[in-house]
Amino acid sequence: MPLDPEFAAALEKYQMEIDESVAERLQQYVQVMWRWNEQLNLTRHTTWDLFVSRDLRDCLQLAPLIQAGEEVLDLGSGNGVPGIPLAILRSDIEVSLAESVAKRAQALSEIINEIGIPVAVYAARGEDILEDFRFSSVVSRAVGSITKFCRWVEPHWVNIDRLLLIKGPKWVDERAEARHLGMLGNLDLRRVAAYPLGDDADSEGVILQIMTKTMANR
Ligand SMILES: C[S@@+](CC[C@H](N)C(=O)[O-])C[C@H]1O[C@@H](n2cnc3c(N)ncnc32)[C@H](O)[C@@H]1O
């Protein structure tokens, strides 16, 4: 399927070079997801410009941080970001999605079936899944504060190597709150990516890596 000219123009505008076959798969995901968005509230990013400058940009920053063979859980997947684009960009990793709202989880399963990628969907709260399954990386965007994630994950560090959280500029306040509440005492938090968001040169996106100090010192 040829690329929608608006998608191609947005990729060029934001200087993202992506293999044609990967771009076609991404386009298919977005088109199917936008169709579901008419019934369910999945995303407000309903133009190619917004998809590329916000969603795809985050996923392209996240993708190189994952190592080949990793088992990754996208916690609070909603519309599928970052999990689905990540699975499309990186066929050498295993991606699962956790979504607690049943209708959204069902839509995610249908989207995945339609585009034909091997991604598992759990219609459940991510922190509950971590009781029974192991993932090397838990990735997430726009689901909860650093404090919330630390609380969710605290009983399950044995089942996760690290969290990779995609955050906007408020991450500094969130880190201060988590520190104030003593949530980061045994944890190592690092900013592993920083990049401009959208057209606004002053607005920065970041990816935070959080792991236990024991794991960080290995
Ligand atoms: C604001 S949306 C973000 C969706 C997507 N990650 C993004 O960045 O566009 C948050 C989603 O996380 C889901 N959610 C919230 N807490 C969750 C949890 N503990 N486990 C699984 N899903 C959760 C919500 O139902 C919602 O669909």
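**Entry 1: strand β1.** I began with strand β1, residues 71–75. Four of its five residues are buried, so β1 is largely enclosed by the rest of the structure. The cut-off I used for buried was 20 or more other C-beta atoms within 10 Å of the residue's own. I note here that this is a predicted model.

**Entry 2: what does β1 pair with?** I looked up its partners. I found strand β2, residues 94–98, running parallel to β1 and joined to it by five bridges.

I then turned to strand β4, residues 135–141. β4 also pairs with β1 in the parallel sense, over three bridges.

Entry 3: Which hand does the β-α-β unit of β1, helix α4 and β2 have? I read it as right-handed, with α4 spanning residues 83–89.

**Entry 4: the ligand.** How many residues surround the ligand? I count 17, and the closest are G76, G78, S100, G126 and R141. R141 falls within the residue range 135–141 of β4. By class, I have six nonpolar, six polar and five charged residues in the shell around the ligand.

**Entry 5: confidence.** I checked the predictor's scores last. The protein has a mean pLDDT of 96. I see 98% of its residues at 70 or more. For the complex, the predictor gives an ipTM of 0.99. The pTM is 0.97.

Terms used
Residues numbered from 1 in each chain as written. Predicted model: local features only at pLDDT ≥ 70, side-chain atom pairs only at ≥ 80, totals over all residues. Buried ≥ 20, exposed ≤ 12 C-beta atoms within 10 Å, placed from the backbone. Helix = DSSP H or I, 4+ residues; strand = E, 2+ residues; numbered from the N terminus. Pairing = 2+ DSSP bridges. Right-handed = clockwise from strand over helix to strand, strands pointing away. pLDDT = per-residue confidence, 0-100. Near = placed C-beta within 6 Å. Nonpolar A, V, L, I, M, F, W, Y, C, P; charged D, E, K, R; others polar.
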